[in-house]
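Let's take a walk through the side-chain contacts of this model.

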Amino acid sequence: MELGLYTFGDVGTNPVTGEKVDAQKRLRNLMEEIELADQVGLDVFGLGEHHRPNYAISSPATVLAGAARTTKTIKLSSAVTVLSSDDPIRVYQQFATLDNLTGGRAEIMVGRGSFIESFPLFGYDLDDYNALFEEKLQMLLAINEQERLTWPGSAHTPKVEGLGVYPRPAQDKLPIWIAAGGTPQSMVRAGALGAPLALAIIGGQPRRFKALADLYRKAAAQTGHAEQARVSLNVHGFVGEDGKTAADLFFPAQKQVMDQLGRERGWPPQSRAQYDESMGPEGAMFVGSPPQLVDKILGLREDLGFDRVTIQMAIGVIEHAEMLKAIEVLGTKVAPELRKAG
């Protein structure tokens, strides 16, 4: 089983210390975090694309390229690339370039994104939300298969008649994961395309996603892609030597972010009691000591059958030194136990 991290590069004010973290400082700290994740043996580090003032990463490939030369084995991925408002050819070229810089460690995770700022920013109509993603995803997958692209064009993609898309990646093909939030249609699409599935679980009970994971694998099997089927869980969490200390460190920043989203989307502020409950075996929060995380991940794996877990530990602004400690614990005490389990 693979274990990794992902982040959106949050900027702002630390709710505990009052420290101000701007984009420059966050990106500088992020380079250290990715380098340490590589050194302690984590498998993958993903960066999410956003176009909001509270996030520093609008171009994941650019930031990942900054980490390419100081890392040796860790896979570097977007988490996600908002493909709907981007150009599939340029996305492919950027990550193929990253793949060559890293000797074959680049991946792409594509999705619609959880925010809509990129649509008006790049001149797209939200009424085309679904069609944009569907058409551009098909084009991106075709580019991955064909060095010289022949593409018929569509309402939102250009016609291409036998033109080369370069550079080609160091790998035979770029791994292209499809991120989904939990609709049956998304599961079937990913399975039918033979693409690995990144399943975002940031609320509710993770075990309830079993039916969706099974639907994905069924669709993959029915279309001849059973061997390519892989599932990743993308979750919120934090780890420390002591479970209570980890929970206390993570809660203020996590609450600050989720409460802000709640004000935008209409849900109430998070209480500490709700947070504590979500850390239990059936909750969506992966927070605790190494044994607690290992037990929770392995317990859920029996039902969901996932191949990878990536944890968003850097939610909001958390003290950099504490983040580095957590990354070290995750790589040295959690990852080895998961690998022993197979």
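## Aromatic pairs

Tyr 6 is buried, and Phe 8 is buried too; buried here means under 20% relative accessible area, exposed means over 50%, and partly exposed is in between (1.4 Å probe, protein chains only). Tyr 6 and Phe 8 make a tilted aromatic pair, with 6.0 Å centre to centre and 55° between the planes. For such pairs, the ring centres of Phe, Tyr or Trp (its six-membered ring) lie within 6.5 Å, with planes under 30 degrees apart called stacked, over 60 edge-to-face and the rest tilted. Tyr 6 and Phe 8 also belong to one aromatic cluster with Tyr 55 and Phe 115.

Phe 238 and Phe 250 are a stacked pair, at 5.6 Å centre to centre and 15° between the planes. Phe 238 sits in strand E12 (residues 231–239) and Phe 250 in helix H8 (residues 243–265), so this pair ties together parts twelve residues apart in sequence. Helices (H or I, at least four residues) and strands (E, at least two) are DSSP runs, numbered from the N terminus. Phe 238 is buried at 2% relative accessible area, and Phe 250 is buried at 0%.

## About the model

This is a predicted model, where local features need pLDDT of at least 70 and side-chain atom pairs count only at pLDDT 80 or more, while totals for chains, interfaces and linings use all residues. Residues are numbered from 1 along each chain as its sequence is written, and side-chain values use heavy atoms, with hydrogens and water left out.

## Salt bridges

Searching the whole structure turns up 24 salt bridges, each being a side-chain nitrogen of Lys or Arg within 4 Å of a carboxyl oxygen of Asp or Glu. One of them joins Asp 43 to Arg 339, with the closest N and O atoms 3.4 Å apart. That pair links distant parts of the chain, 296 residues apart: Asp 43 is in the loop between helix H1 (23–39) and strand E4 (44–47), and Arg 339 is in helix H11 (residues 320–340). Asp 43 is buried at 18% relative accessible area, whereas Arg 339 is partly exposed at 35%.

Glu 107 and Arg 308 form another salt bridge, 3.0 Å between the closest N and O atoms. Glu 107 lies in strand E7 (residues 106–111) and Arg 308 in strand E14 (residues 308–314), so the pair ties together parts 201 residues apart in sequence. Glu 107 is buried at 3% relative accessibility, and Arg 308 is buried with a relative accessible area of 3%.
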